[in-house]
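Hi everyone, thanks for coming. Today I'd like to walk you through one protein model, piece by piece, so please have a look at the picture as it comes up.

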Amino acid sequence: MQHPAVPELAHNTTRPIHWLATAAALAAVIAGSSVLQPDHANAAQPGSEPSGKVAAAPVPAPDPATVTYPITCGKVKAVVKKKASGDLDGDGIPETVAVVHCAAGSGTPPDGVYVVTRATGGKPRVVATLVDPKDRQNVSDFAVRDGVITATLLGYSSPNVPSCCPDLQDKAKWQWKDGTFARSTPAAAHSV
């Protein structure tokens with residue numbers, strides 16, 4: 001058996017006075033904490049005042065299904081084949097680019113590519129035609145990224161080529177520059 005360094009500790013047995021002193025000290029801490037409260041948490045930097053402004057909800061991109069397109073379809077209607085949205089002109093408001101063709105029962109009708117925007121508080125409308133259906137082209141690999149519109153255009157070398165089988169392929173890229181959508185890739189066609 002090991003002998004303690006201090007022969008007898010004064011606190012080796014508890015008495016009721018010890019429990020009473022501990023309870024009184026704990027009550028004093030609790031009472032003091034209810035009176036003395038820390039400052040309320042605030043995410044703002046010290047010294048900055050709240051502006052009172054609430055962030056505006058993001059403006060939705062125009063719905064291409066609600067637009068009348070400059071395409072002649074006869075007795076059938078124009079349908080949106082593909083669509084993509086993004087801020088194309090840097091104004092913070094998204095535009096929608098729509099690939100549209102006539103709803104033909106069979107065959108491969110030519111596509112048109114249109115930029116749709118919404119006037120302030122107004123109805124969506126077409127503001128630019130990037131590919132005219134009269135050019136007899138079809139659009140594949142279509143995307144809008146970082147204000148740039150890209151597409152692969154499939155076309156025909158002559159009116160005698162059947163519309164089922166395009167024999168020309170062209171990569172196209174448009175970007176808003178100086179108030180218009182500029183095509184920045186060469187229009188040279190490559191055979192398929």
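Let me start with a term: a residue is called buried if its relative accessible area is under 20%, exposed if over 50%, and partly exposed in between. Trp176, for example, has a relative accessible area of 33%, so Trp176 is partly exposed. Please keep in mind that this is a predicted model.

Now for the overall layout. The chain has 192 residues, and 26% of them are buried.

Next, the inside. Which residues have the most contacts within the largest nonpolar core? They are Val97, Val115, Phe142, Ile149 and Trp174, in a core of 18 residues. At least two residues of this core come from each of β2 (95–102), β3 (112–118), β4 (124–131), β5 (138–145), β6 (148–155) and β7 (168–177). There is also a second, separate core of nine residues, with Val67, Ile71, Ala98 and Tyr114 among them.

Let's stay with Ile149 for a moment. If we set aside neighbours within four places in sequence, the contacts of Ile149 include Leu88, Val97, Val115, Leu130, Phe142, Trp174 and Phe181.

On to the aromatic rings. How many aromatic pairs does a search of the whole structure find? There are two. In one of them, the rings of Tyr69 and Tyr114 have centres 5.3 Å apart and planes at 40 degrees, so this pair is tilted. The two partners sit 45 residues apart and link distant parts of the chain: Tyr69 is in the loop between α1 (16–35) and β1 (78–86), while Tyr114 is in strand β3. Are these two tyrosines buried or exposed? Tyr69 is buried, at 9% relative accessibility, and Tyr114 is buried too, at 0%.

The other pair brings us back to Trp176. Its ring and that of Phe181 have centres 4.9 Å apart, with planes at 65 degrees, so we call this pair edge-to-face. Phe181 has a relative accessibility of 15% and counts as buried, whereas Trp176 is partly exposed.

Tyr114 turns up again in the lining of the second largest pocket, along with residues including Pro70, Ile71, Cys102, Pro109, Pro110 and Lys134. About 160 Å³ of space lies in this pocket. Its lining is made up of seven nonpolar, two polar and two charged residues.

Finally, a look at some loops. Most residues other than glycine have a negative phi. Arg136 has a positive one, near 55 degrees, and lies in the loop between β4 and β5. At 29% relative accessibility, Arg136 is partly exposed. Gln137 belongs to the loop between β4 and β5 as well, but Gln137 is buried, with a relative accessible area of 18%. Beyond its neighbours within four places in sequence, Gln137 touches Pro110, Asp111, Val131, Leu153, Leu154 and Gly155.

Asp146 also has a positive phi, near 50 degrees. Where is Asp146 placed? Asp146 is in the loop between β5 and β6, and at 79% relative accessibility it is exposed.

That's my tour, and I'm happy to take questions.

Note on methods
Residues are numbered from 1 along each chain as its sequence is written. This is a predicted model: local features need pLDDT of at least 70, side-chain atom pairs count only at pLDDT 80 or more; totals for chains, interfaces and linings use all residues. Side-chain values use heavy atoms; hydrogens and water are left out. A nonpolar core is a set of buried Ala, Val, Leu, Ile, Met, Phe, Trp, Tyr and Cys residues joined through side-chain atoms within 4.5 Å. Buried means under 20% relative accessible area, exposed over 50%, partly exposed in between (1.4 Å probe, protein chains only). Helices (H or I, at least four residues) and strands (E, at least two) are DSSP runs, numbered from the N terminus. Contact means heavy atoms within 4.5 Å. On a 1 Å grid over the protein atoms alone, a cavity is a set of points where a 1.4 Å probe fits but cannot get out, and a pocket is an open set with protein on both sides within 12 Å along at least five of seven lines; lining residues have an atom within 4 Å of a point. Grid points are joined across faces, edges and corners, and a volume is the space filled by probe spheres set on the points. Ala, Val, Leu, Ile, Met, Phe, Trp, Tyr, Cys and Pro count as nonpolar, Asp, Glu, Lys and Arg as charged, and the others, Gly among them, as polar. Rings of Phe, Tyr and Trp (its six-membered ring) pair if their centres lie within 6.5 Å; planes under 30 degrees apart count as stacked, over 60 as edge-to-face and the rest as tilted.
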